[in-house]
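Trainee: Please take us through this model with a close look at a single part, setting that part in the context of the chain as a whole.

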Amino acid sequence: MTKLITVLNGPNLNLLGQREPEKYGSKTLADVASEMEALAPELGVKLLFLQTNSEGTLVDMIHEARQTSAGIIINPAAYSHTSVAIFDAINTFDGPVIEVHISNIHKREAFRHHSFVSARAEGVIAGCGTHGYSLALRHIATLV
Ligand code: DQA
């Protein structure tokens, strides 16, 4: 059976393309989803692409992935830097986790340099723009 990869996007990423394009680029989240959907068949995986602005919903989405998914790609956005709840949830997931940041969080404000999720992720991609999502998909497909 084709393995499912859940792609989770945290707060404000619904505004991708409009929000601070000098940092996050001009592509929308729908553009990112389409690029990943186009790539998935050649990598032999299926995708579930989700976004929420709510921390609790992100926790629920991770719990759901426990039942449905072989791997998780996650851009927790601002919750990367603040959320023990998301760290605890991601620790209940058995498969590989790849964390994506569109911008290079290490080149930005000090409060963005630490991500709770990084301590659990198999890999972290930061600063490659929205291309980081496709890079993450290529890598996670080799792990599941
Ligand atoms: C981000 C970086 C975070 O610091 C920020 O809060 C975001 C987006 C990124 O993709 O570069 O919302 O995760």
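Mentor: In this predicted model, the mean positions of the 11 positive and 14 negative charges of the protein chain are 4 Å apart, where Lys and Arg count as positive and Asp and Glu as negative, with His and the chain ends not counted, and where each charge is placed at NZ of Lys, CZ of Arg, CG of Asp or CD of Glu. Residues are numbered from 1 along each chain as its sequence is written, and side-chain values use heavy atoms, with hydrogens and water left out. Because the model is predicted, local features need pLDDT of at least 70 and side-chain atom pairs count only at pLDDT 80 or more, whereas totals for chains, interfaces and linings use all residues.

The protein chain has 5 helices and 5 strands (DSSP runs numbered from the N terminus, H or I of at least four residues for helices and E of at least two for strands), and along the sequence they follow the pattern β-α-α-β-α-β-α-β-β-α. The radius of gyration is 14 Å, close to the 15 Å that the globule rule gives for 144 residues, so the protein chain is as compact as a globular protein of that length; the radius is taken over C-alpha atoms, and the rule is 2.2 Å times the number of residues to the power 0.38. Of the 144 residues, 48% count as buried, meaning under 20% relative accessible area, with exposed over 50% and partly exposed in between (1.4 Å probe, protein chains only). Among contacts with a separation of 6 or more, 77% come from residues 24 or more positions apart, a contact being heavy atoms within 4.5 Å.

The part to look at closely is strand S1. This strand, residues 3-9, is mostly covered, with 6 of its 7 residues buried. S1 pairs in the parallel sense with strand S2, residues 45-51, over 7 bridges, where pairing requires at least two DSSP bridges between the strands, and within this pairing Thr-6 stands opposite Leu-48 of S2. S1 is also joined to strand S3, residues 71-75, by 5 bridges, and these two run parallel; here the bridge partner of Asn-9 is Asn-75 in S3. In a regular strand the side chains alternate between the two faces of the sheet.

Ser-54 and Leu-8 are 46 residues apart in sequence and 12 Å apart in space, C-alpha to C-alpha.
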